[in-house]
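Me: Got a model open here and I'd like to go through it. Can we start with the terms, then the details?

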Amino acid sequence: PTTRADSISVAWPRDWLKAVRGVRRTGGTMVAVSDEAIFEGGLLLGSYAGVFAEPAGAACMAGLMKLREEGTVAADERVALFVTGSGLKDVEGAAMAAGAPHPLPRGEEGLAALSRLV
């Protein structure tokens, strides 16, 4: 396994058989996603939901985006995502998803710039 989402980067996952059985029993599905998709998912979670996710935690968003693209999940379906890891757990990986920082000036100028961002 080679992924920047190191918390889920394992060659032989524990309880893989239990996971597969659970997915089959509930009529679910599994999907593989790229690191680029994970970083995009992390950026979207932070930008639109205020969730600071480590890459492994953002993998669920990347999976949802792929399933939406494939038509497996319809645009009007409600979905709950469990983000299992805070960006504080892997700050470097989360920063890779966020991109370069955008420092704001101090004082009123900074507040005005911030109000334009949100």
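Reply: Buried means under 20% relative accessible area, exposed over 50%, and partly exposed in between, with a 1.4 Å probe and protein chains only. This is a predicted model: local features need pLDDT of at least 70, side-chain atom pairs count only at pLDDT 80 or more, and totals for chains, interfaces and linings use all residues. Residues are numbered from 1 along each chain as its sequence is written, and side-chain values use heavy atoms, with hydrogens and water left out.

Me: OK. D15, buried or exposed?

Reply: D15 counts as exposed, at 54% relative accessibility.

Me: Where does D15 lie?

Reply: In the segment before α1 (16-26). Helices (H or I, at least four residues) and strands (E, at least two) are DSSP runs, numbered from the N terminus.

Me: What about the phi of D15?

Reply: It is positive, about 55°, although D15 is not a glycine. Most residues other than glycine have a negative phi.

Me: And how many Å separate the C-alpha atoms of D15 and G87?

Reply: 25 Å. The two are 72 residues apart along the chain.

Me: Zooming out. What is the secondary structure of the protein chain?

Reply: Five helices and zero strands. The order from the N terminus is α-α-α-α-α.

Me: What radius of gyration does the protein chain have?

Reply: 17 Å, whereas a compact globule of 118 residues would have one near 13 Å. That radius is taken over C-alpha atoms, and the globule rule is 2.2 Å times the number of residues to the power 0.38. The C-alpha atoms fill a box of roughly 55 × 35 × 20 Å along the principal axes.

Me: What percentage of the 118 residues is buried?

Reply: 28%.

Me: Now the largest nonpolar core. Which residues have the most contacts inside it?

Reply: I38, L45, A58 and M61, in a core of 14 residues. α2 (35-49) and α3 each supply at least two of its residues. The largest share, eight residues, comes from α3. A nonpolar core here is a set of buried Ala, Val, Leu, Ile, Met, Phe, Trp, Tyr and Cys residues joined through side-chain atoms within 4.5 Å.

Me: What is M61 in contact with?

Reply: G41, L44, L45 and L81, leaving aside neighbours within four places in sequence. Contact means heavy atoms within 4.5 Å.

Me: Switching to α4. Which of its residues are buried?

Reply: G93, A94 and A97. They cover an arc of only 100° around the axis, so they sit on the same side of α4. The arc is that of the directions from the helix axis to the C-beta atoms. Their cover includes α2 and α3.

Me: Last one, D90. Where does it lie?

Reply: In the loop between α3 (55-70) and α4 (91-98). D90 is buried because its relative accessible area is 10%.

Me: What does the side chain of D90 reach?

Reply: The backbone nitrogen of G93, at 2.9 Å. D90 also touches R4, D6, E54 and P55, not counting residues up to four places away in sequence.

Definitions and conventions
A polar contact is a pair of N or O atoms within 3.5 Å; within protein, one must be able to donate a hydrogen and the other to accept it, and residues adjacent in sequence count only if both atoms are side-chain atoms.
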